[in-house]
Amino acid sequence: MTFAIYLSPRNAFAALALAGACVGASWAQSPAGEPEALHLVELPLPSGTVLRAHWWPAPQPSSAQASASAQPAVLALHGCGGLYAKAGVLSSRYRETAETLHAAGYAVLMPDSFGSRGLREVCQTRYSDRSLNVNDRVQDARAALVWLAAQPGVDARHIGVMGWSNGGTTTLNLLVQRHTRPREGEPALAGAAVFYPGCGPLLKHQAVAESVPLLMQLGALDDWTPPQPCVDWAGTLKARADSDVTVHVYEGSYHGFDGTAPVRLRGDVPNGTSPHGVHQGGNTAARVQSLAALQSFWKRVLGTPAAP
């Protein structure tokens, strides 16, 4: 059992039968500014929604290593701002994540929960008024995991899931639902990693999550999704004998500390702890430390892929 709360120095770093149901289309060329080896896939859901996703198959080992061709994979879930920048390309955070994971030898799947439903973002909408809720996104994630595990070249024993903000909240609720309402045919998870999720309801209901290695990275000054409920909820998880939970709380850091944009006050977000808005922006040292912690976590739970 591992439970560690890390305080950095101030200003420091379904059963869904989707295996053959995917309607896949690869782009002849990656859109400008997008990572190489990018494909667009479509996953039909029982609800009738067609979930679009960005897919980067892992680099394959040489023929001499064919027996080791199944590679780990990561399902990555975007935050409330959606996958895209205003220019219509992947936001820098998700592009960087895809490039880093792919370069390390992992396959990457990024579902577009918002665009698939005609939404661009939901940050400016009150939680109670959103047409797409966390449970909807959990169903997206469960379907995506089934599809991902069935792909040639993916090692279904070594799949991780990660998310930022709303995607992080979705990831944690995914672990809870997989524990309380398991489905036959879903792949096991090797680990889960989240950045600044919302944990209030999980703490309130003392939710019990699937026991997988979990990395939670939080900002001490976060006034959008405050860290304390997550720290407290993680404390309830560690009571299980088989728990593997690590919590990093970065002092001097707001929501989005792993990004590069300067901190700003967003008066257009009605969901924080202040009626005046929330702070969002990067902390250079916390960014470095959190990305290093993430890389180390994936190496520990997913292993080191075979070299191409």
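Which residues does Ser-165 touch, not counting residues up to four places away in sequence? Ser-165 touches Gly-79, Phe-195, Tyr-196, Pro-197 and His-255, where contact means heavy atoms within 4.5 Å. This is a predicted model, in which local features need pLDDT of at least 70 and side-chain atom pairs count only at pLDDT 80 or more, while totals for chains, interfaces and linings use all residues. Residues are numbered from 1 along each chain as its sequence is written, and side-chain values use heavy atoms, with hydrogens and water left out. Helices (H or I, at least four residues) and strands (E, at least two) are DSSP runs, numbered from the N terminus.

- You will find Ser-165 in the loop between β7 and α3 (166-180).
- Ser-165 counts as buried, because its relative accessibility is 9%; buried means under 20% relative accessible area, exposed over 50%, and partly exposed in between (1.4 Å probe, protein chains only).
- The side chains of Ser-165 and His-255 make a polar contact at 2.9 Å. A polar contact is a pair of N or O atoms within 3.5 Å; within protein, one must be able to donate a hydrogen and the other to accept it, and residues adjacent in sequence count only if both atoms are side-chain atoms.
- Most residues other than glycine have a negative phi. Ser-165, although not a glycine, has a positive phi of about 50 degrees.
- Tyr-196 is not a glycine either, and has a positive phi of about 35 degrees.
- Tyr-196 sits in the loop between β8 and α4 (200-204), and is buried with a relative accessible area of 2%.

**Helix α1**

- Helix α1 covers residues 92-103, twelve in number, and reaches 16 Å from its first C-alpha to its last, close to the 16 Å expected at 1.5 Å a residue. The expected span is 1.5 Å times one less than the number of residues in the helix.
- Tyr-94, Thr-97, Ala-98, Leu-101 and His-102 are the buried residues listed for α1. They lie on the same side of α1, because they cover an arc of only 120 degrees around the axis; the arc is that of the directions from the helix axis to the C-beta atoms.
- The packing partners of these buried residues are β4 (50-56), β5 (71-77), β6 (107-111), β7 (154-164) and α6 (284-302).
- Just after α1 comes Gly-105, with a positive phi of about 105 degrees.

**Helix α6**

- The 19 residues of α6 should span 27 Å at 1.5 Å a residue, and the end C-alpha atoms are 27 Å apart, which agrees.
- Buried in α6 are Ala-286, Arg-287, Ser-290, Ala-293, Leu-294, Phe-297, Trp-298, Val-301 and Leu-302. These fall within an arc of 135 degrees seen down the axis, so they line one face of the helix.
- Thr-284, Gln-295 and Lys-299 are exposed on the other side of α6.
- The buried residues of α6 pack against β5, α1, β7, β8 (191-195), β9 (214-219) and β10 (244-250).
- At the N-terminal end, Asn-283 caps α6, with a side-chain oxygen 3.2 Å from the backbone nitrogen of Ala-285.

**How α2 meets α3**

- Helix α2 (residues 134-149) packs on α3 at an angle of about 70 degrees, with the axes 9 Å apart. Axes are lines fitted to C-alpha atoms, for helices over the stretch in contact, and angles run from 0 to 180 degrees between N-to-C directions.
- The two helices, α2 and α3, are therefore roughly perpendicular to each other; angles of 65 to 115 degrees count as roughly perpendicular, under 35 as roughly parallel, over 145 as roughly antiparallel and the rest as oblique.
- Residues making the contact include Val-134, Arg-137 and Leu-145 of α2, and Asn-166, Thr-170 and Arg-178 of α3.

- Gly-200 belongs to helix α4 and is partly exposed at 34% relative accessibility.
- Gly-200 and Cys-230 are 30 residues apart in sequence, and their C-alpha atoms are 7.3 Å apart in space.
- Pro-226, in the loop between β9 and α5, is partly exposed at 28% relative accessibility. Pro-226 and Gly-200 are 26 residues apart in sequence and 8.7 Å apart in space, C-alpha to C-alpha.
- Gln-228 is part of helix α5 (residues 227-237), and lies 9.4 Å from Val-249, C-alpha to C-alpha, across 21 residues of sequence.
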